[in-house]
Structures are given as C-alpha cells and as structure tokens.
Amino acid sequence: MSPDNCQKLRIVGFLMLLVFFLNNGCEKIPFYGIIEGVVEYMVSYPEMAGRNSPLASLLPSKATMYFNTRYSAVEIAGLMGFFRLNVISDSKGKILRAYLKVLTTKIYTVYDTTEILRKLGEYPQYCVIEPQHGKRIKYIGLECFRYYMMSLKPGTPDFEVLVTGEIKTTSPFWYTPFNSMGGFLLKYDIRHFDVYMRFEATSVKSVDVPGDIFKHDTSYKYVEPSRFEEEIKLLLKQFSS
C-alpha cells in the first residue's frame, strides 16, 4: 500500500472516531473523565432516625450539585418549598457565596479564605482509615476509593467516605473538612448548621451546565456570615428538635 493510501486510511479512521463521539455526545463522558455535569445526592439525617419527629420529615431529602472545572453550585430545597439554600463555589478564586430564601426573604453572604478557615476550625479532626479489603469499588458506575473517617473528638460518629477521580474538577470540596483528600466526594457525612447530614450520590450526568447557575443573584440582600449562619440554625432547629 502506498504512503498516500495509508495517509487516507488514517484520515478516514480519525473521522469515523470523531463521528462516533459526536453521535454519543448526549452522555458527554470523554475517555479522560467527566469535566462538567450534575450530581444528585440523597440527603439523610442519621441522628434523627429514631426520634419519630413529624417535622424532621420535612427537611430536605435531595441535593443537586452542578459543576465544571472551576465552579460548583449546590441547591437544597426543603420544608415543601418553604426554603431554598444555594451554595456557589469558585475553587480558583477561593470564594464561596451562600444564598438563603425563606418565603419572600432573600439573604446571601460571602466566605473568603479567612472565613473558610474559621469554619474549618469548627469541624472535628478526623483520622483517615484505609480498609484492608475493598478499598476500590464501583459506585453508580464510577470507580471509587473507600475510606473510613474516625473522629478524634469523643462522641462524634465515624463514617464512610467514597471518592472518585473520574470527575475532573478543581478541588470542588476545598471548603470542607475533606479538602485534603482530593477527588470528588460521592458519599460523606457532615454537620452543617448544627444538623448532622449524610450525602449519598444517586446519579452523575455529564452534561453542559448553563453559566448562569454560577452567577450572583442581585435580588438577594447581603448579610455577614455570622448572621447568615444564625438564620439557618434557627430555621433548621424548629424542624430538627
């Protein structure tokens, strides 16, 4: 076969591969990982499991996280639409914006690195334990690493963490106690605003995310972080006690 024919075959082969990936673009999962998409989490409250509180059932049971290589946005709604919490993270600029809507009241706050360090200091210290067997598992179609978090603070529960490297974002959890683990968290426990929560991913979709999701909403009124946190604590306390 002549060099010209070999070159033509290479071009045809490349075009066939290109057409294949374009035709399968609805999933948008490139061979090197997911760089943009949506993760759905189930949210539960382990500490409230035995309380049989009718109001606890009104707390959010789902969280949605939108992400790309720089930004992420988490949306949590609860109390039958009574309130909505949005958290938008800029992992490059190390800025976190949190929005709270309760009926017609809208407030937001901004956490810079100083505020984030203050918040991180409020979390318990954990020791990461690697299991002897079954460290690598398949979870909702993604390769994951399983770890166990053992608290160094008495009375704080231990829990399982699942981390995947197949979602290629830049430190999406930089503002959490798990920022040193790397990867994307698919399962973890955390205490937010005095409420102990468990997040478990139920689906991951690689899709285009509109840029407007990560933009500032000018209809919200700014308050200091301390005021913002108190408002959420007071709200959640009514439904978690």
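Tutor: Let us begin with a term: strands are DSSP runs of E, at least two residues long, numbered from the N terminus. Please keep in mind that this is a predicted model.

Student: Thanks! Which strand gives the most to the lining of the largest pocket?

Tutor: The largest pocket holds about 300 Å³ of space. Among its 19 lining residues, Glu122, Tyr123, Pro124, Arg191 and His192 are the closest to the centre. With four residues, the strand that gives the most to this lining is strand 11 (residues 184-192).

Student: How many residues in the lining of the largest pocket are charged?

Tutor: Let us go through the classes one at a time. Nine of the lining residues are nonpolar and three are polar. The charged residues in this lining number seven.

Student: And how many charged residues are in the lining of the second largest pocket?

Tutor: This pocket has a volume of about 170 Å³, and its lining includes Leu120, Tyr126, Met149, Phe178 and Ser180. Nine of its lining residues are nonpolar and three are polar.

Student: Let us go inside. What is the volume of the largest cavity?

Tutor: The structure holds two cavities of 30 Å³ or more. Of the 31 residues that line the largest cavity, Leu85, Val87, Tyr175, His192 and Phe193 are the closest to its centre. By class, the lining has 28 nonpolar, two polar and one charged residues. The volume of the largest cavity is about 510 Å³.

Student: How many polar residues line the second largest cavity?

Tutor: About 30 Å³ of space lies in this cavity. Its lining includes Asn68, Arg70, Tyr71, Thr169 and Pro172. Two of the lining residues are nonpolar and one is charged, while the polar ones number six.

Student: Now for the packing. Which residues touch the most other members of the largest nonpolar core?

Tutor: The largest nonpolar core has 55 residues. Its largest share, six residues, comes from strand 12 (residues 195-205). Apart from this core lies another of nine residues, among them Val38, Ile88, Tyr108 and Tyr220. Within the largest core, the residues that touch the most other members are Tyr41 and Leu186.

Student: Is Val74 buried or exposed?

Tutor: Val74 is found in strand 3 (residues 71-78). Leaving aside residues up to four places away in sequence, Val74 touches Ala63, Thr64, Met65, Leu85, Asn86, Val87 and Tyr175. Its relative accessibility is 15%, and the cut-off is under 20%, so Val74 counts as buried.

Student: How far apart in space are Val74 and Ala98?

Tutor: Along the sequence, Val74 and Ala98 are 24 residues apart. In space, C-alpha to C-alpha, their separation is 9.4 Å.

Student: How many disulfides does the structure hold?

Tutor: Here we look for a pair of cysteine sulfur atoms within 2.5 Å. For this structure, the number of disulfides is zero.

Methods. Residues are numbered from 1 along each chain as its sequence is written. This is a predicted model: local features need pLDDT of at least 70, side-chain atom pairs count only at pLDDT 80 or more; totals for chains, interfaces and linings use all residues. Side-chain values use heavy atoms; hydrogens and water are left out. A nonpolar core is a set of buried Ala, Val, Leu, Ile, Met, Phe, Trp, Tyr and Cys residues joined through side-chain atoms within 4.5 Å. Buried means under 20% relative accessible area, exposed over 50%, partly exposed in between (1.4 Å probe, protein chains only). On a 1 Å grid over the protein atoms alone, a cavity is a set of points where a 1.4 Å probe fits but cannot get out, and a pocket is an open set with protein on both sides within 12 Å along at least five of seven lines; lining residues have an atom within 4 Å of a point. Grid points are joined across faces, edges and corners, and a volume is the space filled by probe spheres set on the points. Ala, Val, Leu, Ile, Met, Phe, Trp, Tyr, Cys and Pro count as nonpolar, Asp, Glu, Lys and Arg as charged, and the others, Gly among them, as polar. Contact means heavy atoms within 4.5 Å.
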